[in-house]
Amino acid sequence: MLTEKAFDSFKTFVETNIAYAKVEFDKSGKLEKVAIHRRERLKDGRIALSLSITPEKTRETVVTRVQLYDNNNDLWADKAEDILLKDVQEGVLYRFSFDFREV
């Protein structure tokens, strides 16, 4: 069975090795790089990585994919989305959370 130290090591690895995100708009196939602006350990033990998606578009747009990459530029997480942004000034705070447990 894994120890608490092992779980802590997994959490630290995710916190330090996920480097940035990429976001796709309107199913364009083009990914735009976005910085991860917050890394935190939640009270329930999960690791949360947050990014602010604020496209500079002149019309409404839809966030259709969000991805996470590590320090080696390898894809770690890939999530299809359908988040409508109606206003040019509108954005969304997006968060990935990871839960480590033995089952």
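**Note on the predicted model: sheets, salt bridges and core**

1. The side chains of Gln67 and Tyr69 make a polar contact at 2.6 Å.

2. Gln67 belongs to strand E5, which covers residues 61-70. Is Gln67 buried or exposed? Its relative accessibility is 6%, so Gln67 counts as buried, the limit for that class being under 20%. Beyond the residues up to four places away in sequence, Gln67 touches Tyr20, Ala21, Lys22, Leu31, Leu75, Ala77 and Asp78. One of these, Lys22, stands opposite Gln67.

3. Strand E5 is part of an open sheet of four strands. The order in this sheet is E2-E1-E5-E6, and the pairing is antiparallel. Strand E2 (31-35) and strand E6 (75-85) are the edge strands, each pairing on one side only. On average, neighbouring strands of this sheet are turned by 25° against each other, with direction ignored. Strand E1 (residues 18-25) runs antiparallel to E5, and seven bridges join the two.

4. Helix H1 packs on this four-stranded sheet, where the helix touches E1, E5 and E6. The direction of H1 makes about 60° with that of E1.

5. There is also an open sheet of three strands, ordered E3-E4-E7 and paired in the antiparallel sense. Which strands stand at its edges? They are E3 and strand E7 (92-98); each has a single partner strand, so one side of each is left without a neighbour in the sheet. The twist from one strand to the next averages 20°. Strand E4 (residues 47-53) pairs with E7 over seven bridges, again antiparallel. Within this region, Ser52 stands opposite Leu93 of E7.

6. H1 lies across E3, E4 and E7 as well, and the helix runs at about 170° to E3.

7. How many salt bridges does a search of the whole structure find? The search finds nine. One of them joins the side chains of Asp8 and Arg41, with N to O at 2.4 Å. Asp8 lies in helix H1 (residues 4-17) and Arg41 in strand E3 (residues 38-41), so this pair ties together parts that are 33 residues apart in sequence. Asp8 is partly exposed at 30% relative accessibility, and Arg41 is partly exposed at 37%.

8. Arg41 also meets Glu15 in a salt bridge between side chains, here at 3.0 Å from N to O. Because Glu15 lies in helix H1 and Arg41 in strand E3, the pair ties together parts that are 26 residues apart in sequence. Glu15 has a relative accessible area of 18% and is buried.

9. Glu81 is partly exposed, with a relative accessible area of 21%. Lys79 is partly exposed too, at 40%.

10. In soluble globular proteins, nonpolar side chains tend to be buried together. In this model the largest nonpolar core has 18 residues. Which residues have the most contacts inside it? They are Val23, Leu49, Leu51, Ile53, Val63, Val66 and Leu68. The elements giving two or more residues to this core are E1, E4, E5, E6 and E7.

11. Ile53 is one of those core residues with the most contacts. Setting aside neighbours within four places in sequence, Ile53 is in contact with Val23, Phe25, Val63, Val66, Gly91, Val92 and Tyr94. Val23, Val63 and Val66 are also among the core residues with the most contacts.

Notes
Residues numbered from 1 in each chain as written. Predicted model: local features only at pLDDT ≥ 70, side-chain atom pairs only at ≥ 80, totals over all residues. Heavy atoms only, no water. Buried < 20%, exposed > 50% of the residue type's maximum accessible area, 1.4 Å probe, protein only. Polar contact = N/O pair within 3.5 Å; in protein donor to acceptor, adjacent residues only side chain to side chain. Contact = heavy atoms within 4.5 Å. Salt bridge = Lys/Arg side-chain N within 4 Å of Asp/Glu carboxyl O. Pairing = 2+ DSSP bridges. Axes fitted to C-alpha atoms, helices over the stretch in contact; angles between N-to-C directions. Core = buried A, V, L, I, M, F, W, Y, C linked by side-chain atoms within 4.5 Å.
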